Amino acid sequence: MSYGADSVIHPESSPGNLRADWGTAPPGACAELAPARTSRGKRDEELILPINSSLSVTLHQDQLKTTTTAAISRDFTEDRIWLNGREEDMGHPRLQACLREIRRLARKRRSDGHEDPLPLSLSYKVHVASENNFPTAAGLASSAAGYACLAYTLARVYGVDSDLSEVARRGSGSACRSLYGGFVEWQMGERPDGKDSVACQVAPESHWPELRVLILVVSAERKPMGSTAGMQTSVETSALLKFRAEALVPPRMAEMTRCIRERNFQAFGQLTMKDSNQFHATCLDTFPPISYLSDTSRRIIQLVHRFNAHHGQTKVAYTFDAGPNAVVFTLDDTVAEFVAAVRHSFPPESNGDKFLKGLPVEPVLLSDELKAVLGMDPVPGSIRYIIATQVGPGPQVLDDPGAHLLGPDGLPKPAA
């Protein structure tokens with residue numbers, strides 16, 4: 001019999017040497033807030049220690065998530081992993097770092113006298129299957145969600161119950177933040193071994209119920225340069241990045257935390273946009289320069305500023321990660337009008353009924369005054385689709401055996 005762990009044990013029919021677990025994790029870093037950008041620069045690349053602290057919003061798993069299943073068995077001959085149905089190299093250094101740390105914690109737990117309810121040899125190999133329901137490696141923080149879910153799921157299958165910030169961080173720095181719901185700070189820490197470089201929650205997902213997040217997907221293609229390689233080059237060559245980390249990020253962290261706690265959207269939105277702009281300025285200050293934004297990205301920036309100018313206040317705020325896709329923050333009473341403005345400026349070419357995904361949004365008509373202020377010639381098809389979501393919780397264990405990505409043989413289930 002195999003087991004999928006949850007608040008209760010769910011049996012399935014398969015040999016007794018298999019133990020499995022599955023769960024979901026959100027892509028928190030795809031909604032990084034102001035100072036988070038600089039955190040991709042590392043002071044220690046192997047331990048993935050950032051040059052400054054950062055802060056992010058965890059997005060809701062009802063709209064964006066990574067689902068991961070892990071199983072260990074004496075019949076497995078090697079560690080294996082599948083991502084979105086395709087087998088990947090389990091020898092990747094960051095994957096190995098996560099797995100080694102989980103196994104170390106499991107050995108420590110056992111040596112401390114804790115009884116494993118399902119005693120299994122730690123020498124057994126592990127199979128992992130993981131799926132994202134959003135574009136992978138396209139600037140939507142798939143690595144953050146993926147490694148957070150991996151760390152969480154491996155911890156369950158190996159019986160590890162300690163803090164997982166360090167484990168997830170060894171895979172992807174931003175992943176340590178995705179282990180918590182709501183608004184999360186990654187504390188840079190000071191210790192050279194990274195033991196104090198961990199995530200902590202600033203406010204829970206219930207703190208700001210009116211806040212909404214719109215993901216404007218410009219491109220789902222893999223980025224030409226990954227964020228890790230790009231930002232490490234910035235650390236080595238950008239004087240602006242060093243100045244940001246030392247002089248600007250600490251006070252901005254304090255200001256952003258205050259904005260969140262006070263639910264001050266005006267200040268929150270302006271700081272988010274200013275810091276996003278400055279992050280991309282550091283990319284251009286890198287040598288050779290890096291440009292993650294596309295023409296459509298810049299048109300979205302223009303749209304947001306004209307929309308806000310029409311209302312005489314900050315009603316929406318953009319931020320861009322290391323990719324062309326926009327993350328837009330707003331409040332629930334503004335979502336419908338802004339979505340209409342996006343449709344007006346970037347009308348869908350052929351997928352009008354699938355242009356908006358996620359939370360339902362009632363259609364509204366734009367006023368002639370707003371159309372005049374926007375003053376933009378429509379560019380059909382430039383935005384592929386919009387995902388409407390909100391702030392969400394951290395990793396969850398799925399209690400539906402049908403959600404298991406591995407079959408009784410420990411191999412990925414055939415696609416439905």
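**Reading strands, helices and salt bridges**

Colleague: How many bridges join strand 13 (residues 211-217) to strand 15 (residues 326-331), and do they run parallel or antiparallel?

Modeller: Strands of a sheet pair through backbone hydrogen bonds, either parallel or antiparallel. Here six bridges join strand 13 to strand 15, and the two run antiparallel. L211 stands opposite L331 in strand 15. Two strands count as paired if DSSP finds at least two bridges between them. Helices (H or I, at least four residues) and strands (E, at least two) are DSSP runs, numbered from the N terminus.

Colleague: What should I know about the model itself?

Modeller: This is a predicted model: local features need pLDDT of at least 70, side-chain atom pairs count only at pLDDT 80 or more, and totals for chains, interfaces and linings use all residues. Residues are numbered from 1 along each chain as its sequence is written, and side-chain values use heavy atoms, with hydrogens and water left out.

Colleague: In what order do the five strands of the open sheet lie?

Modeller: The order is 14-15-13-17-16, with mixed pairing. Strand 14 (316-320) and strand 16 (356-358) are the edges, each pairing on one side only. On average, neighbouring strands of this sheet are turned by 25° against each other, direction ignored.

Colleague: Which strands does helix 6 (residues 265-285) lie across?

Modeller: Helix 6 lies across strand 13, strand 14 and strand 15, at about 25° to strand 14. Helix 7 (residues 295-311) packs on the sheet too, touching strand 13, strand 14 and strand 15. The direction of helix 7 makes about 160° with that of strand 14. Touching means contact: heavy atoms within 4.5 Å. Axes are lines fitted to C-alpha atoms, for helices over the stretch in contact, and angles run from 0 to 180 degrees between N-to-C directions.

Colleague: Is strand 10 (residues 125-132) mostly covered or mostly open?

Modeller: Mostly covered: six of its eight residues are buried. Buried means under 20% relative accessible area, exposed over 50%, partly exposed in between (1.4 Å probe, protein chains only). Strand 7 (residues 66-73) pairs with strand 10 in the antiparallel sense over eight bridges, and A70 stands opposite V128. Strand 8 (residues 80-83) runs parallel to strand 10, joined by four bridges. There, L83 stands opposite S130. Across the chain, 57% of the 416 residues count as buried.

Colleague: Which residue forms a salt bridge with K242?

Modeller: Side chains of opposite charge can pair when their charged atoms come close. A salt bridge is a side-chain nitrogen of Lys or Arg within 4 Å of a carboxyl oxygen of Asp or Glu. K242 pairs with E246, the closest N and O atoms being 2.9 Å apart. Both lie in helix 5 (residues 239-262), four residues apart, about one turn of the helix. K242 counts as exposed because its relative accessibility is 51%. E246 is exposed as well, at 55%.

Colleague: Which residue forms a salt bridge with R244?

Modeller: D275, with the closest N and O atoms 3.0 Å apart. R244 lies in helix 5 and D275 in helix 6, so the pair ties together parts 31 residues apart in sequence. Both R244 and D275 are buried. D275 also meets R252 in a salt bridge (2.4 Å, N to O). R252 lies in helix 5, so this pair ties together parts 23 residues apart in sequence. D275 is at 0% relative accessibility, so it counts as buried. R252 is buried at 16%. Shared partners join R244, R252 and D275 into one network.
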